[in-house]
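Reader: Please show me the model. I will then ask about it piece by piece.

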Protein chains: 2
Amino acid sequence: MVESLQIQLKKGVLEMCVLALLSKGDNYAYDIASRMAEAVGMGEGTIYPLMRRMQNDGLVSTYLQESGSGPPRKYYKLTKSGAQALKSQISDWQAFEAAVRKILGEVT
Amino acid sequence: MVESLQIQLKKGVLEMCVLALLSKGDNYAYDIASRMAEAVGMGEGTIYPLMRRMQNDGLVSTYLQESGSGPPRKYYKLTKSGAQALKSQISDWQAFEAAVRKILGEVT
DNA sequence: AATAGTATCTTGCAAGGCAAGGTACCGTGT
DNA sequence: ACACGGTACCTTGCCTTGCAAGATACTATT
């Protein structure tokens with residue numbers, strides 16, 4: 001069930017967040033990075049390798065679009081496989097969150 | 001405030017859990033590893049480097065005790081600095097958890 | 001022209017989780 | 001007596017990955 005939740009954390013938490021953002025609408029890396037930087041302190045250098053990985057895994061597809069304010073943007077769009085991955089990662093995340101809460105006890 | 005929450009996650013989540021376990025009583029690595037393996041799928045090979053790191057950081061102190069069922073156990077005990085670290089890591093964790101929840105939106 | 005902002009991507013570094021293996025002690029079964 | 005499995009310690013080497021820094025290039029403002 002869990003496989004290896006720790007690696008899941010490393011590999012999955014940022015990925016999950018990106019998938020969640022994309023589930024609300026197509027977006028491009030630079031903007032995703034800005035939001036994630038604000039939310040969880042992710043660096044910009046992290047996003048591009050991550051997006052390529054996700055594309056290689058078939059979770060997202062891309063298309064170019066002019067922006068008028070800089071170079072053309074590469075928009076990312078969730079695939080069906082990506083939406084599925086999002087679901088399963090959310091449930092993994094929730095299981096992990098629950099496990100941590102249990103370990104922490106009633107400190108919460 | 002956040003510094004770098006992603007690295008905080010990697011470096012900190014397991015550490016935080018171990019600190020939390022120790023806050024409920026002294027324990028030895030093998031048992032900690034077993035509990036963590038069950039809870040979040042951590043491998044045994046992870047615990048010993050982690051414990052040494054924590055000791056180097058002054059978060060825990062150690063003492064030996066005979067067990068009668070195998071080699072003597074090296075018990076770890078939370079230091080004051082460790083208890084402090086636990087508190088701050090819990091609040092970091094909660095902030096991170098909240099940020100993720102916000103990103104996920106009402107999918108939860 | 002020069003700068004600043006938007007937006008893409010690459011490279012090199014360092015941290016750390018994991019699998020696998022090694023050591024050693026103890027009790028049980030044959 | 002001896003092998004085995006469980007307890008408990010620890011090390012080594014691989015691989016992933018997050019990050020800082022820098023490179024590229026287009027547009028608009030000064």
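Reader: How many bridges join E2(B) to strand E3 of chain B?

Author: This is a predicted model, where local features need pLDDT of at least 70, side-chain atom pairs count only at pLDDT 80 or more, and totals for chains, interfaces and linings use all residues. Residues are numbered from 1 along each chain as its sequence is written, with chains lettered from A and ligands numbered from 1 in the order in which they are written. Strands are DSSP runs of E, at least two residues, and helices are runs of H or I, at least four, numbered from the N terminus. E2(B) and E3(B), residues 73–78, run antiparallel, and the bridges that join them number six.

Reader: What is the strand order of the open sheet in chain B?

Author: Two strands pair if DSSP finds at least two bridges between them. The edge strands, E1 (27–28) and E2 (60–65) of chain B, each pair on one side only. Pairing in this three-stranded sheet is antiparallel, and the order is E1-E3-E2.

Reader: How does H2(B) lie relative to H3(B)?

Author: Helix H2 (residues 29–40) and helix H3 (residues 44–56) of chain B pack at about 130°, axes 9 Å apart. Axes are lines fitted to C-alpha atoms over the stretch in contact, and angles run from 0 to 180 degrees between N-to-C directions. Under 35 degrees counts as roughly parallel, over 145 as roughly antiparallel, 65 to 115 as roughly perpendicular and the rest as oblique. H2(B) is therefore oblique to H3(B).

Reader: Which element gives the most to the surface near DNA strand D?

Author: A residue is near the strand if its C-beta atom, placed from the backbone, lies within 6 Å of it. 30 residues surround DNA strand D, Lys11(A) and Tyr30(B) being among the closest. With four residues, the element giving the most is H3(B).
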